[in-house]
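Here are some notes to read alongside the structure. They are written for someone opening it for the very first time.

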Amino acid sequence: MPAHISNDPAVVLPIQFQCLRARDVPMIEAALKQIGACGQVHLIVEQGRLGSIRMLQSEPVPRAVLRESFSK
Amino acid sequence: MDQSKRVLLISRDLMIQRALAEALTLRGCQTFEATERIESLRLMYETHPDLIFLEIDEPDDDWEFFARIRAITDTPAILAVNRNEPARARWSKRNTAILIKPISVARVIDKARAWGIVRRNAKSRVDPTWSTRRLRVVDLIRIDRALSQVGECGEVRLIVEHGQVRFLEKIATLPISNVTLSSAKHLAHQVGDSSLRSE
């Protein structure tokens, strides 16, 4: 786990990212919010840059349904 | 009553805002972030900050904006300015600190500490939980590192469980133009694709 950046004297502002752009950040956060508690956010890299975002939302399966399917 | 000091961060750079907000929050401050001037003025009237951080990005407009702030309040201010900024000498006064860009978070904290805004040290290690509500600068650095590691084409997958990012998967993709015919045939043989094998 890296130390917090404010404790790292080498980190200067503005931070220079290699791939990420400032405008990408709200989009990634919106995707994370949209999928809710469970799911995946896929950040698709095209030509070395974030090209698109894919969202996969997961729904938990009720335990009763799981038990039923295993008993068959 | 909440005794934490209030800091207003005004910058068009999201990363500067976030990095300073995180560092100051870890040290017990309450932060408010603004990008636009109207929003900044609204927050200034509403929150009565103990410290203002302003990044001078567009010199003509931003110095004029700072002059407006100074007409309203004498609150201590930290200004981040470009090197060789001629207007900066005018504002080098007791309650205005001027830092030359690029700035470090540590320098801003030192200045804030000198004015008694920051009183305690931050936790030495970052919180390991990675919330999906707001990405921290450390999380963004991790994502950026992963994106650059996948190369020209690929994916970085953020896997969320119970409202937290639990895993980060990196998948590099090889463009089809880079696959030679012999390696494609070998692959086709392995997966049983007859269309390529018959060529």
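**Notes on the two chains**

1. Let's begin in the middle. The largest nonpolar core has 55 residues, and B:Leu20, B:Phe53 and B:Leu147 touch the most other members. A nonpolar core here is a set of buried Ala, Val, Leu, Ile, Met, Phe, Trp, Tyr and Cys residues joined through C-beta atoms within 7 Å. A residue is buried if 20 or more other C-beta atoms lie within 10 Å of its own, exposed if 12 or fewer, and partly exposed in between, with C-beta atoms placed from the backbone. H1(B) provides the largest share of this core, seven residues. Domain 1 (6–114) and domain 2 (125–199) of chain B each give the core at least three residues; these bounds come from an automatic or database domain assignment.

2. A word on conventions. This is a predicted model, in which local features need pLDDT of at least 70 and side-chain atom pairs count only at pLDDT 80 or more, while totals for chains, interfaces and linings use all residues. Residues are numbered from 1 along each chain as its sequence is written, and chains are lettered from A and ligands numbered from 1 in the order in which they are written.

3. Now the elements. Chain B has seven helices and eight strands, whereas chain A has two helices and three strands, arranged β-α-β-β-α from the N terminus on. Helices (H or I, at least four residues) and strands (E, at least two) are DSSP runs, numbered from the N terminus. Buried residues make up 31% of the 199 residues in chain B and 18% of the 72 residues in chain A.

4. Chain B holds an open sheet of five strands in the order S2-S1-S3-S4-S5, with parallel pairing. Two strands pair if DSSP finds at least two bridges between them. Which strands are at the edges? They are S2 (30–34) and S5 (96–100) of chain B, each pairing on one side only. On average, neighbouring strands of this sheet are turned by 15° against each other, direction ignored. Axes are lines fitted to C-alpha atoms, for helices over the stretch in contact, and angles run from 0 to 180 degrees between N-to-C directions.

5. Follow the pairing across that sheet. S1(B) and S3(B) run parallel, joined by four bridges, and B:Leu9 stands opposite B:Phe53 in S3(B). S3(B) pairs with S4(B) in the parallel sense, also over four bridges, with B:Leu54 opposite B:Leu79 in S4(B). Five bridges then join S4 (residues 77–81) of chain B to S5(B), where B:Leu99 is the bridge partner of B:Ala80.

6. Why is S3(B) described as largely enclosed by the rest of the structure? Five of its five residues are buried, so the rest of the structure largely encloses S3(B). One side carries B:Leu51, B:Phe53 and B:Glu55, the other B:Ile52 and B:Leu54. In a regular strand the side chains alternate between the two faces of the sheet.

7. Helix H1 (residues 14–26) of chain B lies across S1 (6–10), S2 and S3 (51–55) of chain B, at about 170° to S2(B). Contact means that the C-beta atoms of two residues, placed from the backbone, lie within 7 Å. B:Leu20 touches B:Leu9, B:Phe53, B:Val105 and B:Val108, not counting residues up to four places away in sequence.

8. Where do the chains meet? In all, 37 residues of chain A are in contact with 42 residues of chain B. S2(A) gives the most to chain A's side, with eight residues. By class, that side has 25 nonpolar, nine polar and three charged residues. Ala, Val, Leu, Ile, Met, Phe, Trp, Tyr, Cys and Pro count as nonpolar, Asp, Glu, Lys and Arg as charged, and the others, Gly among them, as polar.

9. Eight bridges join S2(A) to S7 (residues 153–161) of chain B, and A:Leu43 stands opposite B:Val156. Eight bridges also join S2(A) to S3(A), where A:Ser52 is the bridge partner of A:Ile44.
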